[in-house]
Amino acid sequence: MITTDILIIGAGPTGLFTVFEAGLLKLKCHLIDALPQAGGQCSELYPKKPIYDIPAYPEILAGDLTEKLLEQSKQFEPGFTLGERAETIEKQADGSFVVTTNKGTQHKAPVVAIAGGLGSFEPRKPLLENIEFYEDKGVAYMVKDPEVYRNKKVVISGGGDSALDWAIFLSDVASEVTLIHRRNEFRGALDSVDKVQELKNKGLITLITPAEVTGLIGETQLQAIEVTKAGESPVTIETDCFIPLFGLSPKLGPIAQWGLEIEKNAIKVNNALDYQTNIPGIFAIGDVNTYPGKLKLILCGFHEATLMCQAAYQIINPGKRYVLKYTTVSGIDGFDGTRKEAPKAVVKSIN
Ligand SMILES: Cc1cc2nc3c(=O)[nH]c(=O)nc-3n(C[C@H](O)[C@H](O)[C@H](O)COP(=O)(O)OP(=O)(O)OC[C@H]3O[C@@H](n4cnc5c(N)ncnc54)[C@H](O)[C@@H]3O)c2cc1C
């Protein structure tokens with residue numbers, strides 16, 4: 001049985017930053033994630049995309065943000081159970097919780113912080129009969145590493161931001177990019193739509209609308225797709241890769257059965273106080289929660305994690321008063337023995 005102070009479900013940016021904030025309060029954390037690596041959506045969905053709204057980073061790749069968060073939390077020695085999904089939770093007589101994964105690993109903690117984001121990542125797949133056969137043989141539902149597509153022929157389908165963004169990005173990497181959408185109008189950001197139009201005019205993106213991919217062709221590997229334009233007969237287009245980007249269907253997964261108050265696939269929390277759920281001792285932070293005015297942004301997850309740790313401290317240390325100290329004043333004592341000194345106060349009289 002793994003024991004810790006705060007058990008974090010989800011090692012996305014919110015979960016990782018929780019380790020740091022908890023560490024400042026001398027609380028230890030252990031993280032469970034269904035994915036084999038930390039970073040949540042940042043690592044799984046868009047590691048090579050730049051993020052522009054992380055305070056003090058004018059621009060940072062999502063993958064690099066994950067690396068920085070891991071580096072920042074390392075001094076507080078978090079434990080990880082990766083590649084395992086948290087399945088069940090049981091309240092113990094002493095008030096603590098035992099969380100068991102799909103592989104049977106058990107974790108015990110007085111506080112559980114659910115930072116499960118969108119839940120398990122389940123891409124919406126197009127209804128094509130043999131699509132599963134071509135998965136990892138030319139068909140992918142997300143772009144993990146754009147380099148995989150260097151000098152390849154790529155077909156993207158979809159009409160939202162992901163489809164537009166990746167069509168733009170890959171037009172510089174792939175030998176050919178074709179974007180197929182069932183409508184003439186796109187749902188993405190206006191400047192992305194304009195950029196696709198510009199790349200189309202330059203011959204760097206082929207746009208086929210209103211149309212749908214209606215068949216996949218290839219003996220052992222994807223070699224071509226069949227495209228049907230509204231009111232026309234199907235045509236065959238040779239391609240190495242087909243990337244349908246129809247979004248992710250948010251599925252809370254097993255957490256939905258834990259007796260928590262759920263609204264529109266998200267966990268309701270008390271945002272006026274500490275992001276606690278309807279079950280005392282279980283908190284929900286980051287994309288997984290909902291409250292009036294909720295914004296699913298990384299920096300909001302950081303803020304929620306910070307306040308949640310203060311409440312966790314009170315549960316773990318009942319009656320003990322915590323006085324907020326600036327790290328510039330207190331320095332940081334890492335659990336690994338490291339010490340980051342705050343500058344010494346200088347006593348100097350002014351005449
Ligand atoms: C293409 C794209 C671009 C984006 N751009 C920006 C941007 O520019 N700025 C910005 O602020 N935000 C952006 N976002 C949103 C941002 O990525 C999310 O707000 C952020 O990732 C939320 O972090 P999180 O840690 O709460 O959840 P997530 O990153 O979703 O991580 C949750 C983790 O929990 C795990 N998990 C879920 N259920 C379980 C379970 N039962 N057991 C074990 N593990 C579980 C998942 O595997 C996942 O790793 C973007 C999102 C996308 C898709």
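This dialogue explains how to read several features of a predicted model.

Q: How far apart are the end C-alpha atoms of helix H1, and what span should its residues give?
A: Helix H1 comprises the 12 residues 13-24, which at 1.5 Å a residue should span 16 Å. The end C-alpha atoms of H1 are 17 Å apart, which agrees with that expectation.

Q: Is H1 largely enclosed or largely open?
A: Burial is judged by relative accessible area, and a residue under 20% counts as buried. In H1, 11 of the 12 residues are buried, so the helix is largely enclosed by the rest of the structure. Among them are Pro13, Leu16, Phe17, Val19 and Phe20, together with Glu21.

Q: Which residue with a positive phi follows H1?
A: The residue is Lys26, and its phi lies near 65°.

Q: How is the packing of H1 against H7 described?
A: Two packed helices are described by the angle between their axes and the distance between the axes. For H1 and H7 the angle is about 35° and the axes are 9 Å apart. The crossing of H1 past H7 is right-handed. From H1 the contact is made by Pro13, Thr14, Phe17, Thr18, Glu21 and Ala22. The H7 side contributes Ile298, Gly301, Phe302, Ala305, Thr306, Met308 and Cys309.

Q: Which residues of the largest nonpolar core touch the most other members?
A: This core has 57 residues, and those touching the most other members are Ile6, Ile9, Val99, Val112, Ile114, Trp258 and Met308. Helix H7 (residues 298-316) supplies the largest share of the core, eight residues. A second, separate core holds 22 residues, including Ala174, Val177, Leu179 and Ile205.

Q: What does Ile9 touch, leaving aside residues up to four places away in sequence?
A: The residues touched by Ile9 include Ile32, Val99, Val112, Ile114, Ile255 and Trp258.

Q: How do strands E11 and E12 pair?
A: In a regular strand the side chains alternate between the two faces of the sheet. Strand E11 (residues 153-157) and E12 run parallel, with five bridges between them. Val154 stands opposite Val177 of E12. Four of the five residues of E12 (residues 176-180) are buried, and the strand is mostly covered.

Q: What is the order of strands in the open sheet of three strands?
A: The order is E18-E19-E21, and the pairing is mixed. Strands E18 (262-263) and E21 (289-290) form the edges, each pairing on one side only. Strand E19 (residues 266-268) is parallel to E21 and joined to it by two bridges. Lys268 has Thr290 as its bridge partner in E21.

Definitions and conventions:
Residues numbered from 1 in each chain as written. Predicted model: local features only at pLDDT ≥ 70, side-chain atom pairs only at ≥ 80, totals over all residues. Heavy atoms only, no water. Expected span 1.5 Å × (residues − 1). Buried < 20%, exposed > 50% of the residue type's maximum accessible area, 1.4 Å probe, protein only. Core = buried A, V, L, I, M, F, W, Y, C linked by side-chain atoms within 4.5 Å. Contact = heavy atoms within 4.5 Å. Pairing = 2+ DSSP bridges. Axes fitted to C-alpha atoms, helices over the stretch in contact; angles between N-to-C directions. Left-handed = near helix turned anticlockwise from the far one by under 90°.
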